[in-house]
Amino acid sequence: MTQTRYPTLIEDGNAVLVLDQTRLPHSAELIRLATLEDAAHAIRVMQVRGAPLIGATAAYGVALGLAEDAGDARLAYVIETLAATRPTAVNLHWALARMRRVLQELALATRREAAWNEARAIATEDKAANAAIGQNGLPLIAAKRQGDRPINIMTHCNAGRLATVEHGTALAPVYAAHSAGIPLHVWVSETRPRNQGLLTAWELAEAGVPHTLIADNAAGLLLMQGRVDLVIVGADRIAANGDTANKIGTYLKALAARAHGVPFYVAAPLSTIDFACASGAQIPIEERAAGELGAGEVPVANPAFDVTPAALIGGIISERGIAAADALAQWRP
Ligand code: MRU
């Protein structure tokens with residue numbers, strides 16, 4: 001029996017269906033987003049998550065929000081509402097800026113249809129960019145091949161297909177290598193407090209890629225023991241100098257990888273690079289609710305992202321190729 005492969009996002013020009021990631025891996029359920037409020041809620045509560053998927057969902061949120069009224073005031077309100085959902089992933093703000101740029105030039109009568117078309121373009125481009133990231137990252141994995149020994153790749157959070165419209169970012173080279181018949185094994189860290197590692201395990205199982213779930217705190221030991229050949233993570237915002245914000249815990253993996261001479265790469269589409277942000281110090285870090293730690297009444301801090309300095313990053317893999325983290329200016333639009 002073939003298992004249903006649920007898409008992360010599909011639409012019919014009136015509504016958007018997204019896979020509810022708060023239910024995974026226990027159950028796979030599509031939920032229908034029919035209004036601006038539905039889209040904003042889905043992003044805020046992380047029914048959709050992962051920087052590229054948040055961007056695409058926000059673009060469709062604009063289209064949904066203009067259903068009854070596509071005037072300037074409504075457009076501004078819709079964009080402001082979606083922009084307030086999550087602060088760190090710049091793909092959200094990139095997608096909203098793109099929607100605004102395209103729509104504000106148009107006559108009101110054509111805006112609604114144009115919004116759907118632009119959201120579709122963003123979703124389609126995301127798939128293509130991630131497929132290219134897969135091909136561009138593949139040689140890094142292939143270079144580690146030694147006979148039939150599986151290549152051990154470590155990742156963090158979920159930067160796979162679930163975090164994108166298709167293919168993933170950090171997992172795109174993994175899928176490309178798996179398709180090319182290269183033997184692989186992926187170390188998947190739980191990623192407390194939201195456990196996005198379980199999403200990574202779910203989609204690697206779906207794709208038939210061997211993997212092992214570890215507690216976040218096990219990563220240093222595995223790196224020290226020589227049981228990791230390569231670390232690849234995603235990104236929520238890359239500053240112009242290459243400093244990279246990604247899920248909390250990424251920085252510790254980068255430090256441990258550097259200490260043990262293991263290459264550490266970031267994979268992300270160009271929509272994740274924020275050239276207006278000079279360095280990691282300017283990246284806003286989302287602070288999420290204390291309740292996510294499930295700690296009862298004790299004082300809690302819950303920063304959702306950290307920043308890995310460019311100096312710890314071996315390279316950034318994008319749809320344009322691989323660049324040194326301090327040489328992103330070549331990709332400036
Ligand atoms: O809080 P999340 O689950 O949206 O955070 C996701 C991550 O940090 C991912 O690593 C990042 O968005 C890259 S997704 C391709």
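This is a predicted model: local features need pLDDT of at least 70, side-chain atom pairs count only at pLDDT 80 or more; totals for chains, interfaces and linings use all residues.

Author: Pro193 is placed in the loop that runs between β5 (184–189) and α7 (196–207). The peptide bond that joins Arg192 to Pro193 is cis, with omega at about 5°.

In the side chain of Arg49, an N or O atom is 2.5 Å from an oxygen atom of the ligand. At Gly50 the backbone takes part, with a polar atom 2.9 Å from a ligand oxygen. How much of the ligand's accessible area does the protein cover? Of the 410 Å² that the ligand has on its own, the protein covers 100%. The space that the ligand takes is, moreover, the largest cavity.

The surroundings can also be described as a whole. The ligand is surrounded by 19 residues, and the closest are Arg49, Arg86, Asp236, Asn246 and Lys247. By class, eight residues of this shell are nonpolar, seven are polar and four are charged. Both domain 1 (9–126) and domain 2 (137–331) contribute to the shell, each with at least three residues. Among the secondary-structure elements, α2 (51–65) and β9 (244–247) each provide at least two of the shell residues.

There remain two other loops with backbone features to note. Most peptide bonds are trans, and most residues other than glycine have a negative phi. Against that background, Leu24 and Pro25 are joined by a cis peptide bond, with omega at about 0°. Pro25 belongs to the loop between β2 (16–19) and β3 (30–33). Cys157, a residue other than glycine, has a positive phi, near 60°. Its place is in the loop between β4 (151–155) and α6 (171–179).

Definitions and conventions. Residues are numbered from 1 along each chain as its sequence is written. Side-chain values use heavy atoms; hydrogens and water are left out. A residue is near a molecule or strand if one of its heavy atoms lies within 4 Å of it. A polar contact is a pair of N or O atoms within 3.5 Å; within protein, one must be able to donate a hydrogen and the other to accept it, and residues adjacent in sequence count only if both atoms are side-chain atoms. Accessible areas come from the Shrake-Rupley method with a 1.4 Å probe; for residues, only the protein chains shown count as cover. On a 1 Å grid over the protein atoms alone, a cavity is a set of points where a 1.4 Å probe fits but cannot get out, and a pocket is an open set with protein on both sides within 12 Å along at least five of seven lines; lining residues have an atom within 4 Å of a point. A molecule sits in a cavity or pocket if more than half of its atoms lie within 2 Å of its grid points. Helices (H or I, at least four residues) and strands (E, at least two) are DSSP runs, numbered from the N terminus. Ala, Val, Leu, Ile, Met, Phe, Trp, Tyr, Cys and Pro count as nonpolar, Asp, Glu, Lys and Arg as charged, and the others, Gly among them, as polar. Domain bounds come from an automatic or database domain assignment.
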